[in-house]
Amino acid sequence: MNVLGKRELPRLSHYAGGFQYRIPTAGAVVENGRVLANVQLPGFIIRYTTDGTEPGEKSPVYTGPISEKGEIKLKVFSPSGRSGRVLTVVNKAS
């Protein structure tokens, strides 16, 4: 997975004009009032928003559990800037 995420998929983004491979969706769970997220490919990053808008290139990068309440939208971005589908998680107040 490490070689695939960090070497082969970035190469496919540029080889022969670039291939449109599927960017995976983030995995997320609410645990103890915090949203925990991950992505299955190393080298890809998760960006999120808490205001209901779709995450973009300027949205904060997920670096650890998110404790904000409400609707949190997560999106995975490839090293070349392409993105996958949005995942919406609701963190209810305890």
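Along the sequence, the protein follows the pattern α-β-β-β-β-β. That comes to one helix and five strands. The model is predicted.

**Whole chain**

- The protein has 94 residues, of which 32% count as buried.
- Its accessible surface is about 5,800 Å², and carbon and sulfur atoms hold 51% of that area.
- Among contacts with a separation of 6 or more, 48% are between residues 24 or more positions apart.

**Strand 4 and its partners**

- Strand 4 spans residues 70–77, and six of its eight residues are buried, which leaves the strand mostly covered.
- Strand 3, residues 45–49, runs antiparallel to strand 4 and is joined to it by five bridges.
- In this pairing, Thr 49 stands opposite Lys 73 of strand 4.
- Strand 5, residues 83–91, is also antiparallel to strand 4, with seven bridges between the two.
- Here Phe 77 stands opposite Ser 83 in strand 5.
- Strands 4 and 5 form a hairpin with five residues between them. In the turn, Gly 81 has a positive phi of about 100°.

**The salt bridge**

- Side chains of opposite charge can pair when their charged atoms come close.
- A search of the whole structure finds one salt bridge. Lys 75 forms this salt bridge with Glu 54, and their closest N and O atoms are 2.4 Å apart.
- Lys 75 counts as buried because its relative accessibility is 7%, under the 20% limit.
- Glu 54 is exposed because its relative accessible area is 52%, and exposed means over 50%.

**Lys 69**

- Lys 69 is in the loop between strand 3 and strand 4.
- Its relative accessibility is 41%, so Lys 69 counts as partly exposed.
- The side chain of Lys 69 reaches the backbone oxygen of Gly 33 at 3.1 Å.
- Lys 69 and Arg 34 are 35 residues apart along the chain, while their C-alpha atoms are separated by 8.3 Å.

Notes: Residues are numbered from 1 along each chain as its sequence is written. This is a predicted model: local features need pLDDT of at least 70, side-chain atom pairs count only at pLDDT 80 or more; totals for chains, interfaces and linings use all residues. Side-chain values use heavy atoms; hydrogens and water are left out. A salt bridge is a side-chain nitrogen of Lys or Arg within 4 Å of a carboxyl oxygen of Asp or Glu. Helices (H or I, at least four residues) and strands (E, at least two) are DSSP runs, numbered from the N terminus. Buried means under 20% relative accessible area, exposed over 50%, partly exposed in between (1.4 Å probe, protein chains only). A polar contact is a pair of N or O atoms within 3.5 Å; within protein, one must be able to donate a hydrogen and the other to accept it, and residues adjacent in sequence count only if both atoms are side-chain atoms. Two strands pair if DSSP finds at least two bridges between them. Contact means heavy atoms within 4.5 Å. Accessible areas come from the Shrake-Rupley method with a 1.4 Å probe; for residues, only the protein chains shown count as cover.
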